[in-house]
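This report goes through one protein model, starting from a single residue and moving out to the whole chain. Please look at the sequence and the structure before reading on.

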Amino acid sequence: MSQPAPVTARPNVRVVLFGLMIAMMLAMLDNMIVSTALPRIVFEFGGADHFTWVVTAYVLGTTVSTPIWGKLGDLYGRKAVFLTAVVVFLVGSALCGMSGSGVFGGTDSGMTELIAFRAVQGLGAGGLMVGVMAIIGDLVPPRERGRYQGMIAGIMAIAMVAGPLVGGFITDHLSWRWAFYVNLPLGGVALLVLATTMHLPKYRTEHKIDWLGAALLSVGITAIVLVTTWGGNEYAWASAQILGLAVLAAVALAAFALVERRVPEPILPLGLFANRNFALISVIGFLLGFAMFGAMNFLPLYQQTVQGASATNSGLLLLPLMFGMLVVSLVVGRTITKTGRYRAFPIVGGVVMALGMGLLSLLDLGTSKVQSSLYMVVLGVGMGFLMQTSMLIAQNSVEQKDLGAASGAATFFRSIGGSFGVSLFGAIFANRLADSPAGPAFAGKGGGEGGAMDLEKLKELTGPARELVLGALADAISHVFLWAVFFTVAVPVLAWFIKEVPLRATNDVPPAGATPEDEAEVALGKAPV
């Protein structure tokens, strides 16, 4: 088994963490800033029928590249690969900002250029998210990792609130192009800090990229994301386009599984799933993404329609959720570092998150902002128990040489779960609206499902008509959270079967077939591997 070189750079972990936090902030902030600026972009370029691709292209690039970046880091060293991902992200950001300016062709091609460059930006973002987690895994042993990953979770929470605020300011006071240019100075600082201070241990591995596996995985993931994005939206679920994409995804992923069993350096080693903890935490990550990202999508909609908040203020109204997540993530991280125990946290987190979803299912036309804030605190607390603990368990379940692949897989399953969740809950929301007394007030695509709405027209409604429409919206949104409960309750059930493997005090891993006593000695740093 490959042996890591001694970690000689521990004194600069905090400095490196500063650079990593900026990089994570870039990846998390971008989509939220851009979402706020999208209406202005559509107004300038036109092409409203294609504007969803500005988001979809980024999601596709991120999801497809995440497991590939993780494996490249295992093969060629995480520092060089991560810095490359930062550069790709910054180049994509600069190109997005120049879209439609005439630099690359006529100004009438602005939307097409922006979509293409968003895909480039997404490719870089995939490397940022998995790279941060894997680098922390290289620098810090599992026993101490919870504290640092708790800080990263805090950055994620801050980004989710700051994104709409920054995006609103840029949209109101600057050109929409600064939604992309703002990444350049931040990314430049991250590059400088990480290039000069980050020194990672080296691992001896064979440098042979699984190109066929990467291509098949990319095709399969792309088809899945398109199914979940277009299904019931651009095309009906039973349309030839959606069914064809579903078949393509199944064939590509089946072929990928066959290839991964035969190549010496697979992109996603299937043997990882033989580890019970890793397999369980992958499913938990999928369900976490499914329920969290899918359902949380509807909180700003509730705030902006039923509660009448502005786009910027809806970001502030999410502060209770982020506060709960931030505080608990930091406390849980420090507790894991102190005690070395973690099994209880995903169980408790799943229960509390299900409770939070249940409370949010009570939202109606008369729910006050104080009530909804309390409900969001409960959901945020549940998320705080789960977000980084799931990554820690995934990383603690594998050998150091597979750390990047494991981090990429954990991020990938959460991302795919979110994609499925957004799609399914969107269909539930649209169907509930269509069946409501206010159904005729909503127009939809994708085989007649309702759900599209004009918020400006909604503001013009008065009296009973307004109350009818807002009541239908509140009911449909609460129905989404009720369905989310059914998926969330599976999390603590699965977490119950996680084995409490001692967190290692070093980055060594017990050999296959090690006894519990061997694992305990390695965890304490007493036994050579």
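## Valine 34

Leaving aside residues up to four places away in sequence, valine 34 touches Val54, Arg118 and Phe180. Contact here means heavy atoms within 4.5 Å. Valine 34 is part of helix 1, which covers residues 13-45. Helices (H or I, at least four residues) and strands (E, at least two) are DSSP runs, numbered from the N terminus.

Valine 34 counts as buried because its relative accessibility is 0%. Buried means under 20% relative accessible area, exposed means over 50%, and partly exposed lies in between, with a 1.4 Å probe and protein chains only. From C-alpha to C-alpha, valine 34 and glycine 167 are 6.6 Å apart in space, although 133 residues apart in sequence.

## The model and its confidence

The model is predicted: local features need pLDDT of at least 70, side-chain atom pairs count only at pLDDT 80 or more, and totals for chains, interfaces and linings use all residues. Residues are numbered from 1 along each chain as its sequence is written, and side-chain values use heavy atoms, with hydrogens and water left out.

The pLDDT is the predictor's confidence in each residue, from 0 to 100. Its average over the protein is 74, and 73% of the residues score at least 70. Over residues 1-11 the pLDDT stays under 50, and the model has 22 contacts beyond four places in sequence for them. The pLDDT is also below 50 over residues 444-453, a stretch with 30 contacts in the model beyond near neighbours in sequence.

## Overall make-up

The protein has 20 helices and 0 strands. Of its 529 residues, 56% are buried. Among contacts between residues at least 6 apart in sequence, 81% join residues at least 24 apart.

Two packed helices are described by the angle between their axes and the distance between the axes. Axes are lines fitted to C-alpha atoms, for helices over the stretch in contact, and angles run from 0 to 180 degrees between N-to-C directions. Helix 8 (residues 211-230) and helix 9 (residues 240-260) cross at roughly 155°, and their axes come within 8 Å. Helix 8 is therefore roughly antiparallel to helix 9; angles under 35 degrees count as roughly parallel, over 145 as roughly antiparallel, 65 to 115 as roughly perpendicular and the rest as oblique. Their crossing is left-handed, meaning that the near helix is turned anticlockwise from the far one by less than a right angle, while clockwise gives a right-handed crossing. The residues of this contact divide into 19 nonpolar, 2 polar and 1 charged. Ala, Val, Leu, Ile, Met, Phe, Trp, Tyr, Cys and Pro count as nonpolar, Asp, Glu, Lys and Arg as charged, and the others, Gly among them, as polar.

Glycine 231 lies in the loop between helix 8 and helix 9. At 7% relative accessibility, glycine 231 counts as buried. Not counting residues up to four places away in sequence, glycine 231 touches Leu226, Trp237, Ile242 and Ser423. The C-alpha atoms of glycine 231 and isoleucine 242 are separated by 6.3 Å, with the two residues 11 apart along the chain.

## Two further helix pairs

Helix 3 (residues 78-98) packs with helix 7 (residues 183-197) at an angle of about 165°, their axes 10 Å apart. Helix 3 is therefore roughly antiparallel to helix 7. The crossing of helix 3 past helix 7 is left-handed. By class, this contact has 11 nonpolar, 4 polar and 1 charged residues.

Helix 4 (residues 110-139) and helix 15 (residues 369-396) pack at about 55°, with axes 11 Å apart. These two helices are therefore oblique to each other. Helix 4 passes helix 15 in a right-handed crossing. Met133, Ala134 and Gly137 of helix 4 make the contact with Gln388, Met391 and Gln395 of helix 15. The contact residues of this pair comprise 3 nonpolar, 3 polar and no charged.
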